[in-house]
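Subject: Structure handover and findings

Hello,

Here is the structure for your files. My notes on it follow below.

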Amino acid sequence: MKEIKSPFWRTIYEYGLITVSIWIMVVGIYFFKFPNHFAFGGITGFSTVVSQLTHWSASDFTSVTNTALLLLGFLFLGKGFGLKTVYATMVMSVSLSLLERFCPLSAPLTMFAIFLPAVGTAILFNIGASSGGTDIIAMILKKYSSMNIGTVLMLVDIASVVASYFIFGVETGLFSTIGLAAKSLVIDDVIENINLCKCFNIICDDPKPICDFIINGLNRSATVYHAEGAFTHHDKTVIMTTMKRSQALKLRNYIKRVEPTAFMLISNSSEIIGKGFLAN
(Lines give C-alpha, C1' and ligand atoms only; values in the text may rest on other atoms or scores of the structure.)
Protein backbone atom coordinates (compact mmCIF):
# COMPACT_ATOMS: atom_id res chain seq x y z
CA MET A 1 0.00 0.00 0.00
CA LYS A 2 1.27 3.44 -0.84
CA GLU A 3 2.60 5.59 1.97
CA ILE A 4 0.21 8.29 3.21
CA LYS A 5 1.49 10.48 6.04
CA SER A 6 -1.78 12.11 7.17
CA PRO A 7 -3.74 9.77 9.54
CA PHE A 8 -7.05 11.21 8.27
CA TRP A 9 -6.33 10.62 4.59
CA ARG A 10 -4.79 7.23 5.37
CA THR A 11 -8.05 6.22 7.07
CA ILE A 12 -10.11 7.51 4.12
CA TYR A 13 -7.85 5.62 1.72
CA GLU A 14 -8.09 2.34 3.67
CA TYR A 15 -11.88 2.43 4.06
CA GLY A 16 -12.30 3.41 0.42
CA LEU A 17 -10.15 0.40 -0.51
CA ILE A 18 -12.22 -1.84 1.76
CA THR A 19 -15.44 -0.61 0.10
CA VAL A 20 -14.13 -1.25 -3.42
CA SER A 21 -12.79 -4.68 -2.38
CA ILE A 22 -16.13 -5.70 -0.90
CA TRP A 23 -17.99 -4.57 -4.01
CA ILE A 24 -15.64 -6.67 -6.16
CA MET A 25 -16.39 -9.65 -3.92
CA VAL A 26 -20.14 -8.97 -3.93
CA VAL A 27 -20.30 -8.86 -7.73
CA GLY A 28 -18.48 -12.20 -7.96
CA ILE A 29 -20.60 -13.80 -5.22
CA TYR A 30 -24.04 -12.55 -6.28
CA PHE A 31 -23.79 -12.73 -10.08
CA PHE A 32 -21.55 -15.79 -10.48
CA LYS A 33 -21.22 -17.81 -7.27
CA PHE A 34 -24.79 -17.95 -5.90
CA PRO A 35 -26.57 -18.76 -9.18
CA ASN A 36 -24.05 -21.50 -10.06
CA HIS A 37 -24.45 -23.07 -6.57
CA PHE A 38 -20.72 -23.02 -5.90
CA ALA A 39 -20.23 -23.85 -2.22
CA PHE A 40 -16.68 -22.74 -1.39
CA GLY A 41 -15.55 -19.87 0.78
CA GLY A 42 -16.95 -19.37 4.27
CA ILE A 43 -20.47 -18.13 4.97
CA THR A 44 -21.32 -17.45 1.32
CA GLY A 45 -20.41 -21.08 0.57
CA PHE A 46 -22.83 -22.34 3.20
CA SER A 47 -25.44 -19.85 1.95
CA THR A 48 -25.75 -21.66 -1.37
CA VAL A 49 -26.43 -24.93 0.46
CA VAL A 50 -28.90 -23.44 2.96
CA SER A 51 -30.83 -21.60 0.23
CA GLN A 52 -31.37 -24.91 -1.55
CA LEU A 53 -32.67 -26.65 1.58
CA THR A 54 -34.82 -23.86 3.04
CA HIS A 55 -36.93 -20.85 2.05
CA TRP A 56 -33.99 -18.52 2.81
CA SER A 57 -32.28 -16.74 -0.05
CA ALA A 58 -28.48 -16.96 -0.13
CA SER A 59 -28.16 -13.17 0.28
CA ASP A 60 -30.49 -13.01 3.30
CA PHE A 61 -28.80 -15.96 4.99
CA THR A 62 -25.39 -14.32 4.47
CA SER A 63 -26.61 -11.01 5.91
CA VAL A 64 -28.27 -12.53 8.98
CA THR A 65 -25.37 -14.89 9.71
CA ASN A 66 -22.74 -12.16 9.30
CA THR A 67 -24.67 -9.91 11.70
CA ALA A 68 -24.96 -12.72 14.26
CA LEU A 69 -21.24 -13.45 13.96
CA LEU A 70 -20.44 -9.77 14.52
CA LEU A 71 -22.43 -9.90 17.77
CA LEU A 72 -20.49 -13.02 18.79
CA GLY A 73 -17.27 -11.22 17.92
CA PHE A 74 -18.14 -8.32 20.23
CA LEU A 75 -19.23 -10.76 22.95
CA PHE A 76 -16.13 -12.98 22.94
CA LEU A 77 -13.42 -10.70 21.53
CA GLY A 78 -14.45 -7.30 22.89
CA LYS A 79 -15.07 -3.98 21.15
CA GLY A 80 -11.59 -3.80 19.65
CA PHE A 81 -11.73 -7.02 17.62
CA GLY A 82 -11.75 -5.11 14.35
CA LEU A 83 -13.57 -1.98 13.22
CA LYS A 84 -12.51 -2.68 9.63
CA THR A 85 -14.07 -6.13 9.83
CA VAL A 86 -17.32 -4.66 11.15
CA TYR A 87 -17.44 -2.12 8.33
CA ALA A 88 -16.58 -4.70 5.66
CA THR A 89 -19.21 -7.13 6.95
CA MET A 90 -21.97 -4.52 6.95
CA VAL A 91 -21.06 -3.29 3.46
CA MET A 92 -21.19 -6.86 2.15
CA SER A 93 -24.52 -7.66 3.83
CA VAL A 94 -26.22 -4.46 2.67
CA SER A 95 -24.83 -4.77 -0.88
CA LEU A 96 -26.01 -8.38 -1.29
CA SER A 97 -29.48 -7.53 0.02
CA LEU A 98 -29.82 -4.53 -2.31
CA LEU A 99 -28.70 -6.53 -5.35
CA GLU A 100 -31.18 -9.30 -4.57
CA ARG A 101 -34.06 -6.83 -4.39
CA PHE A 102 -33.17 -4.52 -7.27
CA CYS A 103 -31.34 -6.88 -9.62
CA PRO A 104 -32.87 -10.37 -9.39
CA LEU A 105 -31.28 -13.10 -11.53
CA SER A 106 -33.17 -15.61 -13.63
CA ALA A 107 -30.17 -17.67 -14.80
CA PRO A 108 -26.49 -18.21 -13.93
CA LEU A 109 -23.84 -16.03 -15.52
CA THR A 110 -20.31 -16.89 -16.60
CA MET A 111 -17.47 -18.15 -14.44
CA PHE A 112 -16.04 -15.27 -12.45
CA ALA A 113 -17.12 -16.86 -9.17
CA ILE A 114 -13.53 -17.65 -8.20
CA PHE A 115 -11.56 -14.71 -9.52
CA LEU A 116 -13.58 -11.72 -8.28
CA PRO A 117 -14.12 -12.81 -4.64
CA ALA A 118 -10.47 -13.92 -4.46
CA VAL A 119 -9.22 -10.54 -5.69
CA GLY A 120 -11.41 -8.68 -3.20
CA THR A 121 -10.31 -10.96 -0.36
CA ALA A 122 -6.64 -10.48 -1.27
CA ILE A 123 -6.94 -6.69 -1.18
CA LEU A 124 -8.64 -6.88 2.24
CA PHE A 125 -5.99 -9.22 3.66
CA ASN A 126 -3.26 -6.95 2.30
CA ILE A 127 -4.45 -3.98 4.41
CA GLY A 128 -5.14 -6.05 7.52
CA ALA A 129 -8.92 -6.34 7.13
CA SER A 130 -11.36 -9.15 6.40
CA SER A 131 -14.95 -9.59 5.24
CA GLY A 132 -16.03 -11.08 8.57
CA GLY A 133 -18.10 -14.26 8.49
CA THR A 134 -16.05 -17.34 9.31
CA ASP A 135 -13.01 -15.15 9.99
CA ILE A 136 -14.75 -14.12 13.23
CA ILE A 137 -15.31 -17.76 14.20
CA ALA A 138 -11.64 -18.42 13.54
CA MET A 139 -10.57 -15.48 15.73
CA ILE A 140 -12.80 -16.68 18.58
CA LEU A 141 -11.45 -20.24 18.39
CA LYS A 142 -7.89 -18.94 18.24
CA LYS A 143 -8.47 -17.00 21.46
CA TYR A 144 -10.08 -19.83 23.40
CA SER A 145 -8.34 -22.89 21.92
CA SER A 146 -5.05 -24.02 20.43
CA MET A 147 -6.40 -24.04 16.85
CA ASN A 148 -4.96 -21.53 14.41
CA ILE A 149 -6.96 -19.34 12.03
CA GLY A 150 -5.79 -21.09 8.87
CA THR A 151 -6.90 -24.51 10.11
CA VAL A 152 -10.36 -23.27 11.14
CA LEU A 153 -10.99 -21.48 7.85
CA MET A 154 -9.88 -24.53 5.85
CA LEU A 155 -12.19 -26.84 7.86
CA VAL A 156 -15.17 -24.53 7.30
CA ASP A 157 -14.47 -24.28 3.57
CA ILE A 158 -14.08 -28.04 3.25
CA ALA A 159 -17.36 -28.60 5.12
CA SER A 160 -19.27 -26.37 2.70
CA VAL A 161 -17.65 -28.10 -0.30
CA VAL A 162 -18.54 -31.57 1.03
CA ALA A 163 -22.13 -30.43 1.57
CA SER A 164 -22.34 -29.30 -2.05
CA TYR A 165 -21.73 -32.88 -3.27
CA PHE A 166 -24.85 -34.10 -1.44
CA ILE A 167 -27.10 -31.11 -2.21
CA PHE A 168 -26.16 -30.17 -5.79
CA GLY A 169 -24.54 -33.32 -7.15
CA VAL A 170 -21.05 -34.46 -8.15
CA GLU A 171 -20.54 -31.93 -10.97
CA THR A 172 -21.19 -28.85 -8.81
CA GLY A 173 -19.23 -30.46 -5.96
CA LEU A 174 -16.22 -30.92 -8.23
CA PHE A 175 -16.46 -27.30 -9.40
CA SER A 176 -16.60 -26.22 -5.75
CA THR A 177 -13.52 -28.31 -4.93
CA ILE A 178 -11.57 -26.82 -7.83
CA GLY A 179 -12.83 -23.38 -6.87
CA LEU A 180 -11.58 -23.76 -3.29
CA ALA A 181 -8.09 -24.67 -4.48
CA ALA A 182 -8.03 -21.98 -7.17
CA LYS A 183 -9.25 -19.32 -4.75
CA SER A 184 -6.25 -19.89 -2.46
CA LEU A 185 -3.85 -19.64 -5.40
CA VAL A 186 -5.45 -16.45 -6.72
CA ILE A 187 -5.39 -14.78 -3.29
CA ASP A 188 -1.69 -15.57 -2.83
CA ASP A 189 -0.83 -14.41 -6.34
CA VAL A 190 -2.77 -11.13 -6.07
CA ILE A 191 -1.22 -10.26 -2.69
CA GLU A 192 2.24 -11.00 -4.06
CA ASN A 193 1.71 -8.80 -7.12
CA ILE A 194 0.24 -5.93 -5.07
CA ASN A 195 3.35 -5.85 -2.89
CA LEU A 196 5.90 -6.64 -5.59
CA CYS A 197 9.00 -4.46 -5.38
CA LYS A 198 12.31 -4.37 -7.21
CA CYS A 199 15.59 -4.85 -5.35
CA PHE A 200 18.69 -3.36 -6.96
CA ASN A 201 22.36 -4.20 -6.46
CA ILE A 202 24.24 -1.73 -8.66
CA ILE A 203 28.01 -2.12 -9.16
CA CYS A 204 29.44 1.10 -10.54
CA ASP A 205 32.48 3.42 -10.63
CA ASP A 206 30.74 6.71 -9.79
CA PRO A 207 27.91 6.31 -7.25
CA LYS A 208 27.19 10.01 -6.66
CA PRO A 209 24.81 10.78 -9.57
CA ILE A 210 22.98 7.49 -9.08
CA CYS A 211 22.52 8.08 -5.34
CA ASP A 212 21.41 11.65 -5.97
CA PHE A 213 18.76 10.43 -8.39
CA ILE A 214 17.55 7.74 -5.95
CA ILE A 215 17.26 10.24 -3.08
CA ASN A 216 16.10 13.41 -4.85
CA GLY A 217 14.43 12.02 -7.97
CA LEU A 218 12.70 8.94 -6.54
CA ASN A 219 12.42 9.91 -2.87
CA ARG A 220 14.07 6.66 -1.81
CA SER A 221 17.24 5.81 0.06
CA ALA A 222 20.10 3.39 -0.52
CA THR A 223 22.96 1.60 1.16
CA VAL A 224 26.44 2.09 -0.29
CA TYR A 225 29.46 -0.11 0.33
CA HIS A 226 32.85 -0.51 -1.29
CA ALA A 227 34.03 -3.55 -3.20
CA GLU A 228 36.87 -4.74 -5.38
CA GLY A 229 36.75 -6.40 -8.77
CA ALA A 230 38.03 -9.97 -8.51
CA PHE A 231 39.73 -9.89 -11.92
CA THR A 232 40.83 -6.25 -12.32
CA HIS A 233 41.23 -5.45 -8.60
CA HIS A 234 39.76 -2.02 -9.37
CA ASP A 235 37.79 -0.25 -6.65
CA LYS A 236 34.04 -0.48 -7.16
CA THR A 237 30.99 0.83 -5.35
CA VAL A 238 27.88 -1.26 -4.72
CA ILE A 239 24.56 0.54 -4.27
CA MET A 240 21.73 -1.44 -2.74
CA THR A 241 18.19 -0.05 -2.90
CA THR A 242 14.56 -1.21 -3.08
CA MET A 243 11.56 0.52 -4.67
CA LYS A 244 8.22 0.11 -6.42
CA ARG A 245 8.09 -1.19 -9.97
CA SER A 246 7.26 2.18 -11.54
CA GLN A 247 10.27 3.76 -9.83
CA ALA A 248 12.50 0.83 -10.78
CA LEU A 249 11.95 1.47 -14.47
CA LYS A 250 13.00 5.10 -14.07
CA LEU A 251 16.15 4.12 -12.16
CA ARG A 252 17.13 1.47 -14.68
CA ASN A 253 16.77 3.91 -17.58
CA TYR A 254 18.69 6.60 -15.69
CA ILE A 255 21.63 4.29 -14.93
CA LYS A 256 21.80 3.15 -18.56
CA ARG A 257 22.03 6.79 -19.56
CA VAL A 258 24.57 8.16 -17.03
CA GLU A 259 26.76 5.06 -16.55
CA PRO A 260 26.09 2.43 -19.20
CA THR A 261 28.96 0.22 -17.94
CA ALA A 262 27.33 -0.21 -14.53
CA PHE A 263 26.39 -3.78 -13.58
CA MET A 264 22.83 -4.15 -12.24
CA LEU A 265 21.33 -7.10 -10.39
CA ILE A 266 17.52 -6.65 -10.22
CA SER A 267 15.34 -9.08 -8.29
CA ASN A 268 11.71 -9.27 -7.20
CA SER A 269 10.47 -9.25 -3.61
CA SER A 270 6.87 -9.20 -2.35
CA GLU A 271 7.72 -8.74 1.32
CA ILE A 272 9.77 -5.69 2.26
CA ILE A 273 9.63 -4.63 5.91
CA GLY A 274 10.76 -1.15 6.87
CA LYS A 275 9.99 2.53 6.54
CA GLY A 276 8.13 3.29 3.32
CA PHE A 277 7.07 -0.32 2.88
CA LEU A 278 5.32 -2.74 5.27
CA ALA A 279 5.20 -1.88 8.95
CA ASN A 280 7.39 -3.71 11.39
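Arg 10 and Glu 14 both sit in helix α1, four residues apart, or about one turn of the helix. Helices here are DSSP runs of H or I with at least four residues, strands are runs of E with at least two, and both are numbered from the N terminus. The model is predicted: local features need pLDDT of at least 70, side-chain atom pairs count only at pLDDT 80 or more, and totals for chains, interfaces and linings use all residues. Residues are numbered from 1 along each chain as its sequence is written, and side-chain values use heavy atoms, with hydrogens and water left out.

Salt bridges

The side chains of Arg 10 and Glu 14 meet in a salt bridge, 3.6 Å from N to O. The term requires a side-chain nitrogen of Lys or Arg within 4 Å of a carboxyl oxygen of Asp or Glu. Arg 10 is partly exposed, because its relative accessible area is 32%, whereas Glu 14 counts as buried at 11%. The cut-offs are under 20% relative accessible area for buried, over 50% for exposed and in between for partly exposed, with a 1.4 Å probe and protein chains only.

By this rule the count comes to five salt bridges. One of them joins the side chains of Asp 60 and Arg 101, at 3.3 Å from N to O. Asp 60 belongs to helix α3 and Arg 101 to helix α4, so this pair ties together parts that are 41 residues apart in sequence. Asp 60 is partly exposed, with a relative accessible area of 24%. A network of salt bridges links Asp 60, Glu 100 and Arg 101.

Asp 212 and Lys 208 also meet through their side chains in a salt bridge, at 3.0 Å from N to O. These two are four residues apart in helix α9, which means about one helical turn separates them. Asp 212 is partly exposed at 32% relative accessible area, while Lys 208 counts as exposed at 56%.

Aromatic pairs

How many aromatic pairs does a search of the whole structure find? It finds three. Tyr 15 and Tyr 87 form an edge-to-face pair, with 5.2 Å centre to centre and 75° between the planes. Tyr 15 is in helix α1 (residues 7–36) and Tyr 87 in helix α4, so the pair ties together parts that are 72 residues apart in sequence. Tyr 87 counts as partly exposed, at 31% relative accessibility.

Phe 213 and Tyr 254 form a stacked pair, with 4.1 Å centre to centre and 5° between the planes. This pair links distant parts of the chain, with Phe 213 in helix α9 and Tyr 254 in helix α10 (residues 245–258), 41 residues apart. Tyr 254 is buried, with a relative accessible area of 14%. For the pair criterion, rings of Phe, Tyr and Trp (its six-membered ring) must have centres within 6.5 Å; planes under 30 degrees apart count as stacked, over 60 as edge-to-face and the rest as tilted.

Surface patch

Leu 72, Leu 75, Phe 76 and Tyr 144 form a nonpolar patch on the surface, with about 420 Å² of accessible area together. Helix α3 (residues 58–77) contributes the largest share of the patch, three residues. Phe 76 is found in helix α3 and is partly exposed, at 34% relative accessible area. Patches take residues with over 30% relative accessible area and no salt bridge, joining like charges within 9 Å and nonpolar side chains (Val, Leu, Ile, Met, Phe, Trp, Tyr) within 5 Å. Accessible areas come from the Shrake-Rupley method with a 1.4 Å probe; for residues, only the protein chains shown count as cover.

Buried positions

Thr 89 is found in helix α4 (residues 83–102) and counts as buried, at 0% relative accessibility. Leaving out residues up to four places away in sequence, Thr 89 touches Asn 66, Leu 70, Ser 131, Gly 132 and Gly 133; contact means heavy atoms within 4.5 Å. The buried residues of α2 are Gly 42, Ile 43, Thr 44, Gly 45, Ser 47, Thr 48, Val 49 and Val 50.

Positive phi

Asn 219 has a positive phi of about 60° although it is not a glycine. Its place is in the loop between α9 (208–217) and β2 (223–228), and Asn 219 counts as exposed at 66% relative accessibility. His 233, also not a glycine, has a positive phi of about 60° and is placed in the loop between β2 and β3 (235–244).

Regards
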